[in-house]
Amino acid sequence: MNGIFSALVVPFDEHGEIIEKGLREVVRHNIDVQQIDGLYVNGSTGENFLMNTEQKKQVFRIVQEESQGAITLIAQIGSLDIYEAIDLGIYARDLGYDSLSAVTPYYYPFSFEEIKNYYLTLVKETNHKMIIYSIPALTGVHMNMNQFDELLQEEQIIGVKYTAGDFFLLERLRQRYPNKMIFSGFDEMLIHGTVSGVDGAIGSTYNVNGRKARRIFELAQEGNVAEAYQLQHETNDLIESLLDIGIYQAIKGILREQGVQAGLCKAPLTPRHNVDTTTMQQLIKKHQL
Ligand SMILES: CC(=O)N[C@@H]([C@@H](O)[C@H](O)[C@H](O)CO)[C@@H](O)CC(=O)C(=O)O
């Protein structure tokens, strides 16, 4: 479960329905063109939190069918409805997903005990591997080393998707848990995560920039930090542009220009945002996507 994983984008039509043919094309593009090692399915990038249960299951099923065991699959099942999360976890497990993952419960000010019980319940009820999805910037949940210690004592909790900029905490996690999986979650900090010893990276921009991300990852692992950092500078120029436009809309816009039916974003997200063909073509050319 190492390497570069795309946080999969999901194509929606103008009514917020999933475009099945488009989703299959996005999976194929990730496997055949971006040559990723795995997919992180129904995460933030997949607009998971805008979908209903049936749509989430539809995505899990189609991705598994299309990837046919060629890559590693991680199913993000986190939900404020713990019973939906359990249902999704059992569904993805039975489809053959390699691991589950769940974002820390958000919106209400949950205590750490409530968060811990949430994960232990998911692990018990699904009887599958679990990767903690920690993204404090969006959830407001900032866990400290002692709290990660409590979660990682559970054998079925195999690792953390670490989407934060606290590299002291990341260094402590890596030192204390050499045998747990740690994924870097911010693409713009891929080199920093790799030098900190992460096992892999999960991110939205790998849907369009996965090959260059792999070069950064491999060069940094080999200790060629200067060359890795030059590629990170170039990558961060791209990421800055994507963020200015609207990250998910821009990624789908690039994919559409490349002939992949990446569809639109689902409301309340703006379906296209200010994505225009000329800008997308310029990004593709400038960054050799
Ligand atoms: C909020 C968000 O989209 N974060 C992305 C990053 O890949 C992010 O888009 C990228 O680093 C640009 O900021 C991932 O961490 C999210 C992710 O892995 C997921 O879709 O679950």
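**Close-up views of a predicted model**

**View 1. Surroundings of Lys212.** Apart from neighbours within four places in sequence, Lys212 is in contact with Leu231, Glu234, Thr235 and His287. The model shown here and in the views that follow is a predicted one. Lys212 belongs to helix α9, which covers residues 206–221. With a relative accessibility of 17%, Lys212 counts as buried, because the limit for that class is under 20% relative accessible area.

View 2. An unreviewed UniProt entry lists Tyr133 and Lys161 for "active site". The two are spread over 29 residues of sequence, yet they cluster in space, with a largest C-alpha distance of 4.8 Å. Both Tyr133 and Lys161 are included in the lining of the largest pocket. The side chains of Lys161 and Tyr133 make a polar contact with each other at 3.4 Å.

**View 3. Tyr133 in strand β5.** Tyr133 is placed in strand β5, residues 130–134. Its relative accessible area is 3%, and Tyr133 is therefore buried. When neighbours within four places in sequence are left aside, the residues in contact with Tyr133 are Tyr40, Ser44, Gln76, Ser101, Ala102, Val103, Thr104, Tyr119, Lys161 and Thr163. One of these, Lys161, is also the partner of Tyr133 in the side-chain polar contact.

**View 4. Lys161 in strand β6.** Strand β6, residues 157–162, contains Lys161. This lysine counts as buried because its relative accessibility is 5%. Beyond four places in sequence, Lys161 is in contact with Tyr40, Ile131, Ile132, Tyr133, Ser134, Phe183 and Ile202.

View 5. For "binding site", an unreviewed UniProt entry names Thr45 and Ile202. These positions are spread over 158 residues of sequence but cluster in space, the largest C-alpha distance being 10.4 Å. The lining of the largest pocket includes both Thr45 and Ile202.

**View 6. Thr45 in a loop.** Thr45 lies in the loop between β2 (38–41) and α2 (53–67). It is buried, as its relative accessible area is 6%. Not counting residues up to four places away in sequence, Thr45 touches Ala7, Leu8, Val9, Ser204 and Tyr248. Of these contacts, Tyr248 is also one of the residues that lie nearest the centre of the largest pocket.

**View 7. Ile202 in strand β8.** Ile202 is found in strand β8, an element that spans residues 200–203. At a relative accessibility of 1%, Ile202 counts as buried. With residues up to four places away in sequence set aside, Ile202 touches Phe5, Ala7, Tyr40, Ile74, Lys161, Phe183, Ser184, Gly185 and Asp187. Ala7 is a contact of Ile202 and of Thr45.

**View 8. The largest pocket.** The largest pocket has a volume of about 690 Å³. Its lining consists of 29 residues, and those nearest its centre are Ser44, Tyr133, Ile135, Leu138 and Tyr248. At least two lining residues each are supplied by α5 (136–139), β8 (200–203), α10 (225–245) and α11 (247–257). The largest share, 3 residues, comes from α5. By class, the lining of this pocket comprises 17 nonpolar, 8 polar and 4 charged residues. Tyr133 and Lys161 are part of this lining, as are Thr45 and Ile202.

**View 9. The largest cavity.** Searching the whole structure finds 1 cavity of 30 Å³ or more. The largest cavity has a volume of about 50 Å³. Its lining is formed by Tyr162, Ala164, Phe167, Leu170, Phe183, Ser184, Gly185, Phe186, Met189, Gly193 and Val198. Both α7 (167–176) and β7 (181–184) supply at least two residues of this lining. By class, the cavity lining has 8 nonpolar, 3 polar and no charged residues. Phe183, Ser184 and Gly185, which belong to the cavity lining, are also among the residues that Ile202 touches.

Key: Residues numbered from 1 in each chain as written. Predicted model: local features only at pLDDT ≥ 70, side-chain atom pairs only at ≥ 80, totals over all residues. Heavy atoms only, no water. UniProt positions renumbered as here; feature names shortened; annotations may be inferred. 1 Å grid on protein atoms, 1.4 Å probe; cavity = no way out; pocket = protein on both sides within 12 Å on 5 of 7 lines; lining within 4 Å. Helix = DSSP H or I, 4+ residues; strand = E, 2+ residues; numbered from the N terminus. Buried < 20%, exposed > 50% of the residue type's maximum accessible area, 1.4 Å probe, protein only. Contact = heavy atoms within 4.5 Å. Polar contact = N/O pair within 3.5 Å; in protein donor to acceptor, adjacent residues only side chain to side chain. Points joined across faces, edges and corners; volume = space filled by probe spheres on them. Nonpolar A, V, L, I, M, F, W, Y, C, P; charged D, E, K, R; others polar.
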